[in-house]
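The stops below go from strands to surface, core, backbone and charges.

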Amino acid sequence: MLGLGVLLAAAMTAPAAADPISLSYSIAVSGTRAMKMTFDGNVGKSAYKAHVRIKPAGFMGLFIKKSFDLSGSGRISAKGAIPARFSMTVKKKKKARTGTITWNGGKMHWRRTPAYDQQTVASVWRAMGKGAPDPLSLLIGMAGRAPAQSCKGTRRVFDGHYVYDLKLSLRGKTAVKSAFYRGPATICRMLYVPVAGMSEKKKRKILADPWIFNLVLIPLTSKEAGRLMAPVRAYGRVKGRNFTASLSAASIGGRPLRP
């Protein structure tokens, strides 16, 4: 969730001079614990790889049959994260849907299983135009910049299944006091707007009750990557239900995160 999250087993070997970063979040839906999200990756000044899992947990997890597995890798430049590979698998009961994207020489290749019909495939390519980042590379690129620079404007994103726009805006400052951080934080809001890949019925349903993600971002210091912005908490509304996600465990460079 977290932006959708935020999600990844990368295909590259660990980049040189990169810090391992591990973050776990407990997700509650309508006030009841429902899911768990974990982020494990290596982030350096020149490359990244990441693996995100979201799966049912807690009491509501007994009734949720859906899980997500995202992985990505790429390099980091002055313009942000430049992806090399991304995949996202969505499992529901015993059925799985996987979208895989690779970039070679600046050209994007996309494969989805099970495959879309030709009309949907054409609409996805048309919506992407000159290309769109995957959600992981977008968020990792944002993490390396100050919110005032990264949390603004509209970003078109493609996760191997759907094309959507994220409308970003700063929502001010807040104070955080937790087991991991104490101090000022910045709130970045993301509004999810579906574009292509899903049925018109589903698209209308989302537009009628928009998906909203508010990320409470705190500064972290990585020996190799430098200053990074990461969510200590998130809250919003998805599929007609309010949710919150709270950081439950964190380590950078093998050391537990402390206030």
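In which sense do strand 3 and strand 4 pair, and over how many bridges? Select residues 47-56 for strand 3 and 66-77 for strand 4: the two are antiparallel, with eight bridges. Strands here are DSSP runs of E with at least two residues, helices are runs of H or I with at least four, and both are numbered from the N terminus. Two strands count as paired if DSSP finds at least two bridges between them.

Before moving on, note that this is a predicted model, in which local features need pLDDT of at least 70, side-chain atom pairs count only at pLDDT 80 or more, and totals for chains, interfaces and linings use all residues. Residues are numbered from 1 along each chain as its sequence is written, and side-chain values use heavy atoms, with hydrogens and water left out.

Pick valine 52. Opposite it, in strand 4, stands leucine 70. Show serine 71 with its bridge partner in strand 5, serine 87. The link from strand 4 to strand 5 is a hairpin of two residues.

Go to the loop between strand 3 and strand 4, where phenylalanine 63 lies. Is phenylalanine 63 buried or exposed? Its relative accessibility is 59%, so it counts as exposed.

In soluble globular proteins, nonpolar side chains tend to be buried together. Select Phe158, Leu166, Met190 and Tyr192, which touch the most other members of the largest nonpolar core, a set of 72 residues. Strand 11 (residues 211-222) gives the most to this core: seven residues. Such a core is a set of buried Ala, Val, Leu, Ile, Met, Phe, Trp, Tyr and Cys residues joined through side-chain atoms within 4.5 Å.

Center on leucine 166. Beyond its neighbours within four places in sequence, its contacts include Leu138, Val157, Met190 and Tyr192. Contact means heavy atoms within 4.5 Å.

Next, aspartate 159, in the loop between strand 8 (153-158) and strand 9 (163-177). Aspartate 159 is buried, at 6% relative accessible area. Leaving aside neighbours within four places in sequence, its contacts are Phe86, Met88, Ile101, Pro135 and Tyr164. Draw a distance to threonine 89: the C-alpha atoms are 9.8 Å apart, across 70 residues of chain.

**Backbone stops**

Most residues other than glycine have a negative phi, and most peptide bonds are trans. Zoom to threonine 113 and proline 114: the peptide bond between them is cis, with omega near -5°. Proline 114 sits in the loop between strand 7 (107-113) and helix 1 (118-128).

Serine 30, not a glycine, has a positive phi of about 50°. Find it in the loop between strand 1 (18-29) and strand 2 (32-44). Lysine 239 also has a positive phi, about 55°. Its loop lies between strand 12 (226-238) and strand 13 (241-252).

**Charged pairs**

How many salt bridges does the structure hold? Four, each a side-chain nitrogen of Lys or Arg within 4 Å of a carboxyl oxygen of Asp or Glu.

- Aspartate 165 with arginine 156: the closest N and O atoms are 2.8 Å apart. Aspartate 165 is buried at 12%; arginine 156 is partly exposed at 31%.
- Lysine 203 with glutamate 200: 3.3 Å, N to O. Both lie in helix 4 (residues 200-208), three residues apart, about one turn of the helix.
- Arginine 237 with aspartate 209: 3.2 Å between the closest N and O atoms. Arginine 237 is in strand 12 and aspartate 209 in the loop between helix 4 and strand 11, so the pair ties together parts 28 residues apart in sequence.

How values were computed. Buried means under 20% relative accessible area, exposed over 50%, partly exposed in between (1.4 Å probe, protein chains only).
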